[in-house]
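Dear colleague,

Please find below the structure that I am handing over to you. My notes on what was found in it follow directly after.

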Amino acid sequence: MSILFRLTTVALLLASSAFAAAKEMSGRWEGSIQIPGRELPLIIDLKGSGEKELTGSVIIQGLGVKGVPLADFAVKANEISFVIKDALGNESVGPAKFQGSLSEGGDVLSGNFVQAGNSAPFSVRKTGTPQVDPPRRSTAIGKDLVGEWKGDYEMDGYPRHVTLTLANSGSGSANAQFAVVGKRTNKPPVEFISDENGFLTFEAPTFGITYEGRLRKEAGEIKGTFKIGPFERPLVLKRTP
């Protein structure tokens with residue numbers, strides 16, 4: 001038996017093993033992340049039968065992560081890793097990442113959740129078929145929401161000043177410019193905007209930011225809740241004259 005034949009056989013066996021592991025990992029997985037002093041409910045949906053075919057989404061209650069896509073899958077034997085595509089990360093620290101291994105019985109996936117240099121253990125159990133959330137698309141907004149809005153909230157004893165500018169694009173969806181001024185100025189990119197009959201939602205996932213508010217046309221304001229990571233603050237946005 002030639003060396004080339006043996007190497008080819010080994011490569012095929014390894015590829016077959018990774019394919020089988022990826023197939024076993026397809027499903028809905030439910031459990032939690034154990035961070036110091038707190039437990040975060042976790043749902044991971046994985047679909048596909050090969051490393052290059054895997055798709056997925058994740059829900060992390062308490063961090064404002066709901067149906068966020070997963071990417072950069074790597075499968076080796078019973079081990080898997082992937083990143084959260086559009087939340088909990090930025091250019092300086094990189095994306096949040098899951099690194100886990102499948103139990104011998106194939107029904108438990110456990111490992112570490114890594115974010116900004118910090119690591120916390122997670123464990124999830126397969127509960128059924130995958131329910132991968134499709135990528136969400138921004139909608140257009142009503143004309144009463146178009147324009148510039150300003151508001152204030154407080155966190156850690158310091159005031160924050162918020163400016164939100166909303167406009168419709170020619171593609172049938174809205175876009176936004178968002179700025180938070182406190183000790184320094186941050187302008188997180190807004191990647192999702194939705195208007196449902198005057199109920200506005202926008203998200204800046206790289207900073208873990210979500211805002212949900214109801215337009216009060218007569219008062220010239222949007223009254224809602226500002227979320228950044230696990231923290232929530234009431235935030236009223238007033239239209240700029």
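Among contacts in the protein chain between residues at least 6 apart in sequence, what percentage join residues at least 24 apart? The figure is 38%, where contact means heavy atoms within 4.5 Å.

Two remarks on the basis of these values are in order. This is a predicted model, in which local features need pLDDT of at least 70 and side-chain atom pairs count only at pLDDT 80 or more, while totals for chains, interfaces and linings use all residues. Residues are numbered from 1 along each chain as its sequence is written, and side-chain values use heavy atoms, with hydrogens and water left out.

Overall make-up

The protein chain has one helix and 17 strands; these are DSSP runs numbered from the N terminus, with helices being H or I of at least four residues and strands E of at least two. Of its 241 residues, 38% count as buried. Buried means under 20% relative accessible area, exposed over 50%, and partly exposed in between, with a 1.4 Å probe and protein chains only.

Strands S1 and S2 run antiparallel and are joined by nine bridges; two strands count as paired if DSSP finds at least two bridges between them. Two residues lie between the strands of this hairpin, where glycine 37 has a positive phi near 75°. S2 also pairs with S3, again in the antiparallel sense, over six bridges, and leucine 46 has glycine 56 in S3 as its bridge partner.

Glutamate 30 lies in strand S1, and its bridge partner in S2 is isoleucine 43. Glutamate 30 counts as partly exposed because its relative accessibility is 35%. Leaving aside neighbours within four places in sequence, glutamate 30 is in contact with Leu42, Ile43, Val124, Arg125 and Thr127. Its C-alpha atom is separated by 6.5 Å from that of isoleucine 44, 14 residues apart along the chain.

The nonpolar cores

A nonpolar core is a set of buried Ala, Val, Leu, Ile, Met, Phe, Trp, Tyr and Cys residues joined through side-chain atoms within 4.5 Å. The largest one holds 29 residues, of which Ile44, Val58, Ile60, Ile84 and Phe98 touch the most other members. The elements giving two or more residues to this core are S1 (27-35), S2 (38-47), S3 (55-60), S4, S5 (79-84), S6 (97-102), S7 (108-115) and S8 (118-128). S4 supplies the largest share, five residues.

Isoleucine 44 touches Gly27, Arg28, Trp29, Ser57, Val58, Leu70, Phe82, Phe98 and Phe122, not counting residues up to four places away in sequence.

The nine-stranded sheet

Nine strands form an open sheet with antiparallel pairing, in the order S12-S11-S10-S9-S17-S16-S15-S14-S13. S12 (185-186) and S13 (192-196) stand at the edges with a single partner strand each, so one side of each has no neighbour in the sheet. Within the sheet, two bridges join S9 (residues 147-155) to S17 (residues 231-239); lysine 150 has lysine 238 in S17 as its bridge partner.

The cavity

How many cavities of 30 Å³ or more does a search of the whole structure find? The search finds one. A cavity is a set of points, on a 1 Å grid over the protein atoms alone, where a 1.4 Å probe fits but cannot get out, and lining residues have an atom within 4 Å of a point.

The lining consists of Leu63, Gly64, Val65, Val68, Ala87, Leu88, Glu203, Pro205, Gly208, Ile209 and Thr210. Strands S4 (65-76) and S15 (209-216) are the elements that give two or more residues to this lining.

Two loop residues

Most residues other than glycine have a negative phi. Alanine 77, in the loop between S4 and S5, has a positive phi near 55°. Alanine 77 counts as partly exposed because its relative accessibility is 41%. Asparagine 197, in the loop between S13 and S14 (199-204), also has a positive phi near 55°. With a relative accessibility of 78%, asparagine 197 counts as exposed.

With kind regards

Technical notes:
1 Å grid on protein atoms, 1.4 Å probe; cavity = no way out; pocket = protein on both sides within 12 Å on 5 of 7 lines; lining within 4 Å. Points joined across faces, edges and corners; volume = space filled by probe spheres on them.
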